[in-house]
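Hi,

Here is the structure I said I would pass on.

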Amino acid sequence: MTDKYVLRCTSCNRIVPDRFTSHCGIGHNALVRTEYRKKQIDLNSSGGIFRFSDWLPVQGTIPTHSGPVTYRSEGLSRELGLRNLYIGFSGFWPERNASIMTCSFKELEAFPSLLRLHELGGGVLVLASAGNTARAFAQVSAITGIPVVIVIPEPSLHRLWTTIPAKNLYVVTVQGDYTDAITISQKIASEGRFVSEGGAKNVARRDGMGTVMLDAAFTIGRLPDHYFQAVGSGTGGIAAWEASLRLRADGRFGSALPKLHLSQNLPFTPMVSAFREGRREIIPDLDMPDAKSRISRVFSDVLTNRSPPYGICGGTYDALNDTRGAMYAITNTEAYSAGKLFESLEGIDTDPAAAVAVASLMQATEQGIISPDDTILLNITGGGYARIREEKDYQAFPLPVSASVPAGSGSDAVESDLIEWVKGHARR
Ligand SMILES: *Cc1c(COP(=O)(O)O)cnc(C)c1O
Ligand SMILES: [Zn+2]
């Protein structure tokens, strides 16, 4: 290990060595954050996300063109009367050099996360996901051969595909919902040779998503005044804030932090509800009553996290306050029409979550929260699902299911089979 970076607890400032570590060891309810030795970032010549490897918690790189893309909007910019609107696009759109094959910014998390774990020698990664995250990690496993265990609710299985065959994946389907999948993945991860991916607490995940802000700063030549994104966990918002803090310290991109404008999809908007009352804590009875039924009614279900890293030290609440940010609640109709508008004006299809972000930008414009001359970064966190199907050599490989278990079962339901699989696939 080199001293490229250290991890520092955002609560007590203690420095902790990185062993795929996600807390300071004293038990603070706080994120640890990477602190890079290089305060000024140099872009390197590798393609895609590893252009930014100075500020990624990994030593090596994975050859890939997958990475964030920023361009200046014309169509939507004219429509909304915003003169300096930039789009951060994470998806598939070859005309704009966007090559994220699984079509969402979850791939920006998957590349550095898997490489970090592989370099630190920390065991086999286990994650629970209902869609975009699982597909992204499956794709990076397929590219690198690094083994991954994915636990997914059975109804979401159709979202799991890769564009090259994945040979080192173990897929567990759960007859239940996302919360049931999380429970089972935690049981598996508690066994010695497995490691939980860590979600927002995983610094590689945050710094990977933060490359959207880095790419924007280099494209625009400065930090934007505003950052718009739809959130479920809020990890992308935290990541954008942390990247801004590093860019401010870099000195070449200005000194004002971009304001975070984060949006959720009605009727499930727990963070909007808590934030608008100035509360650090989400109170389930107040902020997300009838959660299950509300979750079933949203346009974008990737935005429905029931326990987001909102109040945790260094989390979404702190990010919003430090940047004097705002939150938006968007209806299904608003999101749907915003997505259609974006597609017709910019020329690419969007993930439903990205459509929510577009709607929030429209709301902020109408309410005069932003000014026509402000520099704005709109994070289109996913898109190009329709565009990629037009590629003539495109193929989606569905993933074979290794085990299927009922909700609430213990890890022993898959344990012996999994251990045999690990012997065959993971040599560490
Ligand atoms: C996961 C996801 C989001 C929400 O991201 P968080 O910052 O983790 O809340 C937004 N858009 C898309 C397309 C996603 O897959
Ligand atoms: Zn601490």
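Let me start with the aromatic rings: the structure holds eleven aromatic pairs. Rings of Phe, Tyr and Trp (its six-membered ring) count as a pair if their centres lie within 6.5 Å, with planes under 30 degrees apart called stacked, over 60 edge-to-face and the rest tilted. One of the pairs is Tyr-5 with Tyr-36, which is tilted, at 6.0 Å centre to centre and 55° between the planes. It links distant parts of the chain, since Tyr-5 sits in strand β1 and Tyr-36 in strand β3, 31 residues apart. Helices (H or I, at least four residues) and strands (E, at least two) are DSSP runs, numbered from the N terminus. Tyr-5 counts as buried at 10% relative accessibility, and Tyr-36 counts as buried at 3%. For that label, buried means under 20% relative accessible area, exposed over 50%, and partly exposed in between (1.4 Å probe, protein chains only).

Trp-161 and Tyr-394 make an edge-to-face pair, 6.4 Å centre to centre with 85° between the planes. Trp-161 is in strand β10 (residues 161-162) and Tyr-394 in the loop between α14 and β17 (397-398), so this pair ties together parts that are 233 residues apart in sequence. Trp-161 is buried, at 14% relative accessibility. There is also an aromatic cluster formed by Tyr-71, Phe-89 and Trp-93.

Before going on, a word on what you are looking at. This is a predicted model, in which local features need pLDDT of at least 70 and side-chain atom pairs count only at pLDDT 80 or more, while totals for chains, interfaces and linings use all residues. Residues are numbered from 1 along each chain as its sequence is written, chains are lettered from A and ligands numbered from 1 in the order in which they are written, and side-chain values use heavy atoms, with hydrogens and water left out.

Now the metal. Which residues hold the zinc ion (ligand 2)? Cys-9 (SG), Cys-12 (SG), Cys-24 (SG) and His-28 (ND1) coordinate it, at 2.1 to 2.4 Å. Donors here are N, O and S atoms within 2.8 Å of the metal (3.2 Å for Na, K and Ca), and water is not among the atoms, so sites may look incomplete. The four donor atoms make angles of 94 to 128°, and the site is tetrahedral, a label given to four donors if all angles lie between 85 and 135 degrees. Along the chain, the donors of the zinc ion (ligand 2) follow the spacing C-x2-C-x11-C-x3-H. Cys-9 lies in strand β1 (residues 5-9) and His-28 in the loop between β2 (15-16) and β3 (32-36), so the two tie together parts 19 residues apart in sequence. Cys-9 is buried, with a relative accessible area of 1%, whereas His-28 is partly exposed, at 29%.

On to charges: a search of the whole structure finds 23 salt bridges, each being a side-chain nitrogen of Lys or Arg within 4 Å of a carboxyl oxygen of Asp or Glu. In one of them, Arg-387 meets Glu-95 (2.9 Å, N to O). Arg-387 belongs to helix α14 (residues 385-388) and Glu-95 to the loop between β6 and β7, so this bridge ties together parts that are 292 residues apart in sequence. Arg-387 is buried, with a relative accessible area of 14%, but Glu-95 counts as exposed at 55%. Another bridge joins Arg-205 and Glu-197 (2.7 Å, N to O), and both of these residues are buried. Lys-423 and Glu-420 pair as well, their closest N and O atoms being 3.3 Å apart. They are three residues apart in helix α15 (residues 412-425), which means about one helical turn separates them. Salt bridges that share partners also join Glu-95, Arg-387, Glu-390 and Glu-391 into one network.

Last, some backbone details. A cis peptide bond joins Leu-266 and Pro-267, with omega about 10°; Pro-267 is in the loop between β14 (259-265) and α8 (270-276). Cys-103 is not a glycine, yet has a positive phi of about 70°. Cys-103 is buried, with a relative accessible area of 0%.

Cheers

Notes:
Four donors count as tetrahedral if all angles lie between 85 and 135 degrees; four count as square planar and six as octahedral if opposite donors are over 155 degrees apart and all others between 65 and 115; anything else is irregular.
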